[in-house]
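Me: I have a structure open that I have not looked at before. Can you walk me through it?

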Amino acid sequence: MKSYLSFFKLRFSVGLQYRFAAIAGVLTQIFWGFMLIMIYEAYYRAGIETPMEWAQLVSYVWIGQSLFAFTYLGYKDKDIIESLVTGQVSYELVRPSNLYWFWYIKLAAGKLASSVLRFIPMIIIASLIPGEYGLNAPPTFTALILFIITLLLGFILSIAILMIVYILLFYTVSSRGLFNIATVITDFFAGGTVPIPFMPIALQTICYALPFRLIMDLPFRIYVGNIGTTEALQSILIQIVWIVITTLIGSAFINKATRRLEVQGG
Amino acid sequence: MSLYLKSIWMKLKCDAQYKISFILITLSTSLYSLVSILGIWILLDKFGSIDGWTRSEVMLTTSLALFGHAVVEMFGRGLDHFHKQVNNGLLDRILVRPRNITLQVLCSDFEPSKIGRIIEALAILIYGIVTVNIKWTPYKIFTLLLMITGSMTLFFAILLLKASFSFWTIEGMEAMNIISDGGRELSSYPISIYSKWFANIFTFIIPFGCINYYPLLYILDKGNVPVWYSLTPLAAVIFLVASYGVWTIGLKQYKSAGS
């Protein structure tokens, strides 16, 4: 356990080195946020009934942009991908620690580090934006607590899902293609392209059947007050079930994948 | 030109060696833009229209933004990775060869996997043209061709500008992607939906609005605009001249990073 903890610390501080990338990320997210809000504003001008109030939607956009790196399922760890291509992974298999948790920690720490640098400035900037374009506080204190719980559980779930994608990379040399396909599909069903309440009913049903919305859609909509306490509490249970399922799949899968691993060359 | 075609052919032959990989990458880039089109489609389905533009009309603006971007991503890959060539000294090798430098940089890479995006852009362009009721005249067809050319010109100019910056800095090139990716995304919608100041920036400084919105007003007979609106895609040429200027200045003052 101690070795995993120190490994986490190490990866976290490595991740913190990329300040320049973080600044570029924040700028991108602010631009994107403003653009999305202006697009929705134009839609809302039509005055038809909407599944989210304006203030809720604006907060949804900003919280989504602020937590982009934290919730986005396309986090790429160059080391892991490279270790699979070069065969370096065989050294890791020799080490006396479980490869599943080793990677898990690596992904979690890297993702956390890259998001902390973006999250804090983003939240500050977004709340400073005046009037009806800025980030609002959650409606109640309960909503805030439930938001934090579901967000963290969603993060754990996102790493477990990401792990399955990484293990799939054992079977292909085309990491880029497979990885990007997985990212696009999961992001869409998580509500990353369009908030789920705006989708047609049939699509919403699919989104609810899949685990991905528990990572973005659920915590964000709890934060803005679009999902009430009862539904939030039920969803926490669903999150836990999915975490168990995906972790079991991932660790069973990695054993199967490593058993038939062949390293080419000497 | 024959040199360029030859280098493309070589790259194609290379990629063909990894069939599954190539198919997966093509699928993934196509899926990415398909989802963003789907997002626009879903919202227009929900709201009916945006700022008086119907779904078919918005598909026209979207297709023009996507088309130019995809074509330039396909053929301009070398410029996109130019900062790497500056960084690893490959540029010095290019400079000593007795050939056009810009051409050589363009020859250095080619990305056939963007073909999926180009097809998607053409598909929604055709969808738009078929479903919108346009009173076609020969001049309107000319305007449409002008828009398509303008879209490619503008995205190429932005790429050239991005590459030029690597003469001064090779860090933070991601930030430059805001302009090309952001530009594609924002000009997917008619530029008029945005706040005045925002629309002005992307009309007069980086003329995204000029490649689809203004000429479309003319083609669709919206709001009785004067005929010269059909010529606004030419603004992309002005932008290209400007970024080519920056590129030449950069090349002239370039000093190699050493051994």
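Me: At what angle do helix H3 and helix H7 of chain A pack, and how far apart are their axes?

Reply: Helix H3 (residues 54–66) and helix H7 (residues 99–128) of chain A pack at an angle of about 160°, with axes 9 Å apart. Axes are lines fitted to C-alpha atoms, for helices over the stretch in contact, and angles run from 0 to 180 degrees between N-to-C directions. Helices (H or I, at least four residues) and strands (E, at least two) are DSSP runs, numbered from the N terminus. Before going on: this is a predicted model, where local features need pLDDT of at least 70, side-chain atom pairs count only at pLDDT 80 or more, and totals for chains, interfaces and linings use all residues. Residues are numbered from 1 along each chain as its sequence is written, and chains are lettered from A and ligands numbered from 1 in the order in which they are written.

Me: Are H3(A) and H7(A) roughly parallel or roughly antiparallel?

Reply: Roughly antiparallel, therefore; the cut-offs are under 35 degrees for roughly parallel, over 145 for roughly antiparallel, 65 to 115 for roughly perpendicular, and oblique for the rest.

Me: Which residues make that contact?

Reply: H3(A) brings A:Trp62, A:Gln65 and A:Ser66, and H7(A) brings A:Phe119, A:Met122, A:Ile123 and A:Ala126. Two residues are in contact if their C-beta atoms, placed from the backbone, lie within 7 Å. By class, the contact of H3(A) with H7(A) has 5 nonpolar and 2 polar residues, and no charged ones. Nonpolar covers Ala, Val, Leu, Ile, Met, Phe, Trp, Tyr, Cys and Pro, charged covers Asp, Glu, Lys and Arg, and the others, Gly among them, are polar.

Me: Stepping back, how many helices and strands are in chain A?

Reply: Chain A has 12 helices and 0 strands. Its radius of gyration is 20 Å, close to the 18 Å that the globule rule gives for 266 residues, so chain A is as compact as a globular protein of that length. That radius is taken over C-alpha atoms, and the rule is 2.2 Å times the number of residues to the power 0.38.

Me: What does the C-alpha trace of chain A span?

Reply: About 65 × 40 × 35 Å along its principal axes. Of the 266 residues of chain A, 42% count as buried, that is, with 20 or more other C-beta atoms, placed from the backbone, within 10 Å of their own.

Me: And chain B, how many helices and strands?

Reply: Chain B comes to 14 helices and 0 strands. Its C-alpha trace spans about 60 × 40 × 35 Å along the principal axes, and 42% of its 259 residues count as buried. Among contacts in chain B with a separation of 6 or more, 77% are between residues 24 or more positions apart.

Me: Where do the axes of H2(B) and H8(B) cross, in degrees?

Reply: At roughly 30°, coming within 7 Å, with H8(B) being residues 115–131. Among the residues in that contact are B:Thr26 and B:Leu34 of H2(B), and B:Gly116 and B:Arg117 of H8(B). The contact of H2(B) with H8(B) divides into 4 nonpolar, 5 polar and 2 charged residues.

Me: How many residues does each chain put into the contact between chain A and chain B?

Reply: Chain B puts in 33 residues and chain A 27 residues. On the chain B side, helix H2 (19–47) and helix H10 (173–186) each supply at least two residues. H2(B) gives the most to that side, with 16 residues. The side of chain B that touches chain A divides into 18 nonpolar, 9 polar and 6 charged residues.

Note on methods: A residue is buried if 20 or more other C-beta atoms lie within 10 Å of its own, exposed if 12 or fewer, and partly exposed in between; C-beta atoms are placed from the backbone.
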